[in-house]
Amino acid sequence: MSQTVDRALSILPLLAEGPAGLEQVAQRLGVHKSTALRLLRTLHEHGIVYRTPDQRYRLGARLFALAQQAIENVDVRGVAHPHLTALNERTGHTVHLAVYEEDEVVYVDKVDSRYPVRMYSRIGKPVALTVAAVAKLLLADLPEARRRAVAERLDYPAYTARSTPDAEAFLAELALVREQGWATDLGGHEESINCVAAPVRGADGRVVAAMSVSAPNVVVSADELLTLLPLVRRTARAISAEYAGRPADEPGPGTAPSEETTR
C-alpha cells in the first residue's frame with residue numbers, strides 16, 4: 001500500500017475515537033502538519049471527514065452512508081451458503097439458516113441431510129418461535145423491553161412434553177441463550193428431532209441470522225449432536241467474519257467469552 005493511502009487510512013481510527021485537531025492528527029501519524037492537512041483536506045473533499053467550526057475534524061456523513069450501503073448490499077444467505085454446505089458435508093446432518101423478519105423467524109437456506117430419515121422443513125417456512133433453537137438466538141438478541149413484549153404476546157403450544165410452557169420460562173431461556181451465545185431444541189418441537197444452533201453476527205455485534213444443525217434420534221442421539229456444537233459455533237463465527245468483512249481469526253463484538261463451552 002502506498003504511504004499516502006496508508007497515512008490517510010490511519011486517520012480514520014483516530015477520528016473514530018472522537019474529533020481531533022490538526023496537530024493531534026499530525027502527531028499520531030508522525031508527519032508534519034502540512035502533510036496531515038493535505039490528507040485531511042482530501043478526505044474532507046470526499047465527505048469522509050468533516051471539519052467542525054472549531055477547526056477540528058471528525059468522521060463524515062459520507063463514510064457512514066457508504067458503510068450502511070455496504071451492509072445493506074451484503075446478502076447473508078449468499079455469504080453463509082458455502083459454509084453451510086461445508087458443515088453439511090462434514091456432519092451429514094440438515095443445516096439451516098434463519099432470519100427474523102416482521103415478527104417471524106423464517107428459514108432462508110437449507111442443506112438437506114444425506115441420511116434417508118430427515119426432518120421436514122422448507123425455505124420460506126416460519127419456525128415455531130417458542131421452541132426452535134434459531135428463534136431463541138434471534139429473539140434473545142432483541143432489547144429487553146421488546147424481548148419481553150414478544151414473549152408475552154406469544155402462545156405456547158405444547159408440541160411435546162419438553163416444549164416451553166409459558167412466557168416467564170421462555171424469557172429465562174432467552175436470558176441463558178443470550179449469555180452463553182448458543183441454543184438448543186432437544187425434542188421441544190418434535191420428540192424425535194434435536195437441534196443445536198449458533199448466531200451469525202454483523203459488524204456491530206448484533207445477531208443478523210442464526211444457523212443450526214438438526215438430526216433425528218434414529219440417526220444421532222441428543223448427546224452426540226451436542227458434541228457438534230463447537231463445530232457449529234466455529235462455522236457461525238466464520239460466516240460472521242465474512243459477513244462483517246473482518247479477518248476470520250479476529251473476534252467480533254458480541255462474541256461470547258467461552259466459545260467452546262457446552263453444557
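Mentor: One term before we start: two strands pair if DSSP finds at least two bridges between them. Helices (H or I, at least four residues) and strands (E, at least two) are themselves DSSP runs, numbered from the N terminus.
Trainee: Okay. And what kind of model is this?
Mentor: It's a predicted model, where local features need pLDDT of at least 70, side-chain atom pairs count only at pLDDT 80 or more, and totals for chains, interfaces and linings use all residues. Residues are numbered from 1 along each chain as its sequence is written, and side-chain values use heavy atoms, with hydrogens and water left out.
Trainee: How many helices and strands are there in the protein chain?
Mentor: There are 10 helices and 7 strands.
Trainee: Which strands form the open sheet, and in what order?
Mentor: 5 strands form it, in the order β4-β3-β7-β6-β5, with antiparallel pairing. The edge strands, each pairing on one side only, are β4 and β5 (183-186). From one strand to the next, the twist averages 25 degrees.
Trainee: Tell me about β3. Why is it called largely enclosed?
Mentor: Because 7 of its 8 residues are buried, β3 is largely enclosed by the rest of the structure. Buried means under 20% relative accessible area, exposed over 50%, and partly exposed in between (1.4 Å probe, protein chains only).
Trainee: How many bridges does β3 make with β4?
Mentor: β3 and β4 pair over 7 bridges, in the antiparallel sense. Their hairpin has 2 residues between the strands, and Glu102 there takes a positive phi near 50 degrees.
Trainee: And with β7?
Mentor: β3 and β7 pair over 5 bridges, again antiparallel. Take His96 as an example: its bridge partner in β7 is Ser212, and in β4 it is Lys110.
Trainee: Is Ser212 buried or exposed?
Mentor: Ser212 is in strand β7 (residues 207-216), and it counts as buried because its relative accessibility is 1%. Leaving out residues up to four places away in sequence, Ser212 touches Thr94, Val95, His96, Val134, Cys195, Val196 and Ala197.
Trainee: Switching topic: which residues touch the most other members in the largest nonpolar core?
Mentor: Of its 29 residues, those are Tyr100, Val105, Val127, Val134, Leu138, Leu139 and Phe170. The elements giving two or more residues to this core are β3 (94-101), β4 (104-111), α6 (133-140), α7 (144-153), α8 (167-180), β6 (193-201) and β7. The largest share, 7 residues, comes from α6. A nonpolar core is a set of buried Ala, Val, Leu, Ile, Met, Phe, Trp, Tyr and Cys residues joined through side-chain atoms within 4.5 Å.
Trainee: What does Leu139 touch?
Mentor: Not counting residues up to four places away in sequence, Leu139 touches Tyr100, Leu129, Arg147, Val150, Phe170 and Leu174. Apart from this core lies another, of 28 residues, including Val213, Val220, Leu225 and Leu231.
Trainee: You listed α8 there. Which of its residues are buried?
Mentor: Ala167, Phe170, Leu171, Leu174, Val177 and Gln180. Their cover includes α6, α7, β5 and α10. Ala169 is also found in α8, but it counts as partly exposed because its relative accessibility is 28%.
Trainee: How far does α8 reach?
Mentor: α8 has 14 residues and reaches 20 Å from its first C-alpha to its last, close to the 20 Å expected at 1.5 Å a residue. The expected span is 1.5 Å times one less than the number of residues.
Trainee: And α10?
Mentor: Helix α10 (residues 229-244) has 16 residues and reaches 22 Å, close to the 22 Å expected. Its buried residues include Leu229, Val232, Ile239 and Tyr243. Just after α10, Gly245 takes a positive phi of about 75 degrees.
Trainee: Last one: what share of the whole protein chain is buried?
Mentor: Of its 263 residues, 48% count as buried.

Definitions and conventions
Contact = heavy atoms within 4.5 Å. Axes fitted to C-alpha atoms, helices over the stretch in contact; angles between N-to-C directions.
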